[in-house]
Every structure is written in structure tokens, then in C-alpha cells.
Amino acid sequence: MGGRDDAGGGNSAYGRKAFKRSRAHFQDRITADGRDGWPVEAGRYRLVVSRACPWASRALVSRRLLGLEDAVSLAVADPLQDDRSWRFTLDPDGRDPVLGIRYLSEAYDRRETDYPGGVSVPAVVDVPSGKLVTNDYQQITLDFATEWTALHRAGAPDLYPEKLRDEIDAVMDDVFRDVNNGVYRAGFATGQEEYEAACTRLFRRLESLEERLERRRYLVGDTITEADIRLFTTLVRFDPVYHGHFKCNRWKLTESRVLWGYARDLFQTPGFGDTVDFDHIKRHYYQVHTGVNPSGIVPLGPDLAGWTTPHHREELGGRPFGDGTPPPAAPPGEEVPARGRP
């Protein structure tokens with residue numbers, strides 16, 4: 001998610017210019033063989049996220065499930081931005097304690113001066129040089145799953161099993177186009193027809209996902225995969241922001257027996273719900289997207305208590321971590337504050 005939005009002109013431009021999701025400009029990869037000049041190395045890289053951002057939340061979930069907390073340190077940006085985008089005002093003196101910078105844009109500038117695009121999260125920064133390595137939100141988590149295996153925790157799940165990759169990729173393509181990105185196309189539409197087309201396509205895809213998940217616990221195979229992570233990060237934001245703020249309101253997530261049960265199942269799985277900060281999510285969308293919500297008023301609802309209620313999805317079988325084990329509790333300092341939890 002960019003700080004200077006993909007539509008251009010700042011966050012006030014949302015809803016006034018046609019929305020287009022930019023491709024990641026910095027697509028270097030951190031790999032086991034270091035072929036792009038960035039080898040996998042414990043302690044060398046810092047993952048910068050916003051807990052508000054669904055694209056960054058993928059990386060948060062993946063990092064937790066795979067046990068990469070000691071290998072890749074974490075920087076959490078303020079959910080509210082100013083003209084220079086993502087900032088580290090949650091940290092003492094307003095600076096990231098490892099990178100020593102006030103704004104993520106400083107790491108971008110060290111990589112490429114006068115970079116014309118937006119400053120987006122997730123971003124991986126090389127700690128020794130302070131340079132951005134990648135902001136490729138589609139590839140970062142796939143590489144966590146496949147290139148960082150030497151540093152995975154004992155019992156880490158296989159989130160991108162080779163024998164299922166074609167099916168996972170096909171499901172993720174549909175989810176990205178119609179759901180992950182679809183909510184934004186609806187929310188930032190500049191006209192009625194554009195909005196209706198995006199919203200209709202979104203709910204058709206959600207209905208097809210309901211059918212897929214009616215008798216299977218997870219999207220592909222009988223364990224959690226990258227596909228589930230990518231759908232979850234949109235579903236967990238659906239009622240708090242997309243239903244109202246983005247006008248994706250044909251029905252609420254809580255009104256879908258299948259998707260609501262599926263989302264609760266994942267939320268209650270270690271590594272998912274314990275990375276979600278509803279306070280950051282709501283404040284970011286409603287206070288930063290001034291083109292959509294000029295008043296900046298943050299709604300009181302919805303009631304979040306339902307996220308911890310029984311889901312009964314275990315009756316469908318499946319093993320969340322396959323032959324592996326759940327991740328341990330979040331490391332000290334990475335816990336979601338009480339105000340952001342149900």
C-alpha cells in the first residue's frame with residue numbers, strides 16, 4: 001500500500017482519479033544463492049510494515065508462521081501518514097531504532113534518488129546500507145516461503161508446496177484481481193458504472209469462494225497456504241472498512257456463514273489474528289483517505305467480539321500446519337496493543 005497513492009496526487013485524489021494498482025518498482029529478490037546481489041542472511045534485513053495495510057499484513061503473517069522473527073527484524077509504521085508518507089512516529093524520537101530514519105522514503109531515496117513512484121509497504125531494507133531492497137508485495141512472501149527455508153523455525157509449515165503451486169497461483173490470481181484489488185476498485189471508483197462493475201465482480205468472486213470453502217477447510221489442499229494468507233488479509237478488513245468506507249455493502253462478512261467461519265478459523269490460528277490491529281486498520285482508512293472520507297471521522301463499529309467465537313471449521317478436517325507446529329507467541333515488543341484487539 002502506497003503512502004502517495006497509486007492514483008497520484010496524494011490521498012485526497014482517491015475517488016477523483018481512476019484507480020490503478022501500480023506494480024512494484026523495486027523487484028530485486030533476496031534469495032538463497034544471492035543472484036540479485038541480496039543473499040539470505042540472518043539479521044541483515046528489516047521488514048517495514050503498516051499493520052493497517054493488507055499487502056504488508058501478508059508479510060507479517062508469513063514471517064510469524066515461518067518463524068523468521070529472529071532472522072528479519074520488524075519496523076511498524078504509524079497508520080497515519082503525512083506528505084512524506086509512512087513515518088516512524090510510533091518509535092522514540094520518531095525514528096526507527098535500527099535504520100535511524102524518520103520516514104520510509106529515506107530508504108527509497110538511498111536506493112534511487114528522485115524515485116517518481118509511491119512509497120509503499122511492505123518494504124525490505126538492507127540494514128548495513130540503509131537502502132531499500134524490494135517493495136514487491138507479491139514476491140516477498142513467496143520468497144520467505146521458498147528462499148529462506150534454511151532460517152525457518154523447526155515445525156514451520158510449507159506455505160507454497162511445490163506440487164500445489166499451479167493451483168495456488170490460479171486461486172491467488174482470482175483473489176488478487178477480484179477481491180484484494182477489487183475492494184479498492186470499488187472504493188476509489190470515480191463514477192457509478194465503474195463502482196457497480198467492481199462491486200459486482202467482487203461479490204461474484206466472494207460467492208464462488210463460498211462455494212469452494214463450503215466443504216473444504218482451506219483454499220488449496222488440507223493445510224494453510226499462501227492463498228489463505230492473501231484472502232484472509234482482505235476478509236479481516238471487510239466489515240471494519242471495506243463494507244462502509246469502500247461501499248462494498250451488498251452483504252457483510254458476518255452474514256456469510258462460510259466465509260465468516262473461514263475467516264474466524266484463520267483469525268484464531270496462531271500467526272494470523274495475533275498480527276491484526278483493528279485500531280490501526282480503521283484509523284488509517286478513515287483518516288488518511290480524505291478523498292473518500294473528508295470528515296476523517298472513524299466509526300465506532302463494528303463489534304469485534306465475534307472474531308473469537310467458535311467457528312466449527314475443524315469439523316471439515318484439515319491440518320493447519322500440516323506436519324508442522326503452531327508458531328510461538330509474538331516476540332516481546334511485537335504484540336498487538338489491547339486497543340487493537342477484539
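How many aromatic pairs does a search of the whole structure find? The structure examined here is a predicted model, in which local features need pLDDT of at least 70 and side-chain atom pairs count only at pLDDT 80 or more, whereas totals for chains, interfaces and linings use all residues. Residues are numbered from 1 along each chain as its sequence is written, and side-chain values use heavy atoms, with hydrogens and water left out.

The search returns 24 aromatic pairs, a pair being two rings of Phe, Tyr or Trp (for Trp, its six-membered ring) with centres within 6.5 Å, classed as stacked when the planes are under 30 degrees apart, edge-to-face when over 60 and tilted for the rest. Tyr 242 and Phe 246 form a stacked pair, because their ring centres lie 5.4 Å apart and their planes meet at 15°. The rings of Tyr 242 and Tyr 285, with centres 5.6 Å apart and planes at 85°, are therefore edge-to-face. Since Tyr 242 belongs to helix 8 (residues 238–242) and Tyr 285 to helix 10 (residues 278–288), this pair ties together parts that are 43 residues apart in sequence; helices (H or I, at least four residues) and strands (E, at least two) are DSSP runs, numbered from the N terminus. Tyr 242 and Phe 246 are both buried, as are both Tyr 242 and Tyr 285, where buried denotes under 20% relative accessible area, exposed over 50% and partly exposed the range in between (1.4 Å probe, protein chains only). One aromatic cluster includes Tyr 242, Phe 246 and Tyr 285 together with Trp 55, Phe 238 and Trp 251, among others.

With contact taken as heavy atoms within 4.5 Å, Leu 206 touches Val 179, Leu 235, Phe 238, Trp 251 and Leu 259, residues up to four places away in sequence not being counted.

Ala 186, in helix 5 (residues 182–187), counts as buried because its relative accessibility is 3%. Beyond residues up to four places away in sequence, Ala 186 touches Tyr 195, Ala 198, Cys 199, Phe 246 and Cys 248; Ala 186 and Cys 199, 13 residues apart in sequence, are 5.5 Å apart in space, C-alpha to C-alpha. Pro 128, by contrast, lies in the loop between strand 3 (123–126) and strand 4 (131–134) and counts as exposed because its relative accessibility is 67%.

The structure holds four cavities of 30 Å³ or more, and the lining of the largest cavity includes Asp 28, Arg 29, Tyr 45 and Trp 148. Helix 3 (residues 140–146) supplies the largest share of that lining, three residues. The largest pocket is lined by 17 residues, of which Arg 51, Val 76, Leu 90, Gly 333 and Glu 334 lie nearest its centre, and strand 2 (residues 73–76) gives the largest share of this lining, three residues.

Conventions:
On a 1 Å grid over the protein atoms alone, a cavity is a set of points where a 1.4 Å probe fits but cannot get out, and a pocket is an open set with protein on both sides within 12 Å along at least five of seven lines; lining residues have an atom within 4 Å of a point. Grid points are joined across faces, edges and corners, and a volume is the space filled by probe spheres set on the points.
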